[in-house]
Amino acid sequence: MPVGRAFLDVSDVADSSGSFDESVEPVETDEEVRERAEATLLRKLRSRSLSLAEARTVLRGVEGADEIVIEEAIEHFVDLGYLDDAAFADQLVMSAVERRGEGRRAVAETLRKRGIPRDVADAALEALPDDDAERALEFARSKARSVGGKDDEASLRRLAGQLARRGYPSSVALTAARTALREVGIGAGRSRPGPRPMPGVRFSPDE
């Protein structure tokens, strides 16, 4: 009595010689792709914190991960607290200000490069005290002796340049540099000596 095929016929996976085709690979399910994508993202997060934008970039590099899988993984990691743009923005601001002594402009650029949304970045910057001048002076004091040399103007330019590269406005950078150099005895701006009396010529108080 004939019966329907309740199992896979070997002819479906065998070649003409009767041997099995080992090139046939099992197809991953959507769940397996998502698990692999999440494992990839987790490994990345163990080495460094990421913004949501950066996490999406990582997931797009996972073979087989489409936008649905990516967004499901993102949502899962947000729920777990592994991804949080607001908290990450605060972390970046603190690191830039306290560890690297950067100004507000440089901090804003760091947030942009790390993919923090504009509104989240603005909120983090608004919480930053308006103390660029104080932080610029603190940084300048830490570098003042190392930039000092015979030419006071050159010392001023070097120190002000370091401050500018850390995102401080030029006026703030120059003021902080001058103050810090003056405090260590470097008279910035006085590198050119005034005229000296001619040899052999004496001046009396009445002249």
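Is Glu38 buried or exposed? Glu38 counts as buried, at 13% relative accessibility, where buried means under 20% relative accessible area, exposed over 50%, and partly exposed in between (1.4 Å probe, protein chains only). Welcome to a quick tour of this predicted model, in which local features need pLDDT of at least 70, side-chain atom pairs count only at pLDDT 80 or more, and totals for chains, interfaces and linings use all residues. Residues are numbered from 1 along each chain as its sequence is written, and side-chain values use heavy atoms, with hydrogens and water left out.

**Overall picture**

- The protein has nine helices and zero strands; helices (H or I, at least four residues) and strands (E, at least two) are DSSP runs, numbered from the N terminus.
- Along the sequence, the pattern reads α-α-α-α-α-α-α-α-α.
- Of the protein's 207 residues, 34% count as buried.
- Among contacts with a separation of 6 or more, 60% come from residues 24 or more positions apart, a contact being heavy atoms within 4.5 Å.

**Salt bridges**

- Eight salt bridges are present in the structure, each defined as a side-chain nitrogen of Lys or Arg within 4 Å of a carboxyl oxygen of Asp or Glu.
- One of the salt bridges joins the side chains of Glu31 and Arg34, at 2.8 Å from N to O.
- Glu31 and Arg34 are three residues apart in helix H1 (residues 30–47), so about one helical turn separates them.
- Glu31 is partly exposed, with a relative accessible area of 37%, while Arg34 is buried, with a relative accessible area of 18%.
- Arg34 also meets Glu38 in a salt bridge, at 2.7 Å from N to O.
- Glu38 and Arg34 are four residues apart in helix H1, and about one helical turn lies between them.
- Another salt bridge pairs Glu71 with Arg56, whose closest N and O atoms are 2.9 Å apart.
- This pair links distant parts of the chain, with Glu71 in helix H3 (residues 67–80) and Arg56 in helix H2 (residues 52–60), 15 residues apart.
- Both partners count as partly exposed: Glu71 at 32% relative accessibility and Arg56 at 21%.
- Through salt bridges that share partners, Glu31, Arg34 and Glu38 are joined into one network.

**Helix packing: H8 with H9**

- Two packed helices are described by the angle between their axes and the distance between the axes.
- The axes of helix H8 (residues 152–165) and helix H9 (residues 170–183) come within 8 Å and cross at roughly 130 degrees; axes are lines fitted to C-alpha atoms, for helices over the stretch in contact, and angles run from 0 to 180 degrees between N-to-C directions.
- That angle makes H8 oblique to H9, given that angles under 35 degrees count as roughly parallel, over 145 as roughly antiparallel, 65 to 115 as roughly perpendicular and the rest as oblique.
- H8 passes H9 in a right-handed crossing; a crossing is left-handed if the near helix is turned anticlockwise from the far one by less than a right angle, and right-handed if clockwise.
- Residues making the contact include Leu156, Leu159 and Leu163 of H8, and Leu174, Arg178 and Leu181 of H9.
- By class, the contact of H8 with H9 has eleven nonpolar, one polar and one charged residues; Ala, Val, Leu, Ile, Met, Phe, Trp, Tyr, Cys and Pro count as nonpolar, Asp, Glu, Lys and Arg as charged, and the others, Gly among them, as polar.

**Helix packing: H7 with H8**

- Helix H7 (residues 132–147) packs with H8 at an angle of about 140 degrees, their axes being 10 Å apart.
- H7 is therefore oblique to H8, and their crossing is right-handed.
- Among the residues in the contact are Phe139, Lys143 and Val147 of H7, with Arg158, Leu159 and Gln162 of H8.
- The contact of H7 with H8 divides into seven nonpolar, two polar and two charged residues.

**Two residues to look at**

- Gly115 sits in the loop between helix H5 (104–113) and helix H6 (118–126), and counts as partly exposed at 27% relative accessibility.
- Leaving out residues up to four places away in sequence, Gly115 touches Ser51 and Ala53.
- Arg135 belongs to helix H7 and counts as buried at 8% relative accessibility.
- Beyond residues up to four places away in sequence, the contacts of Arg135 include Val97, Glu102, Leu128 and Tyr168.
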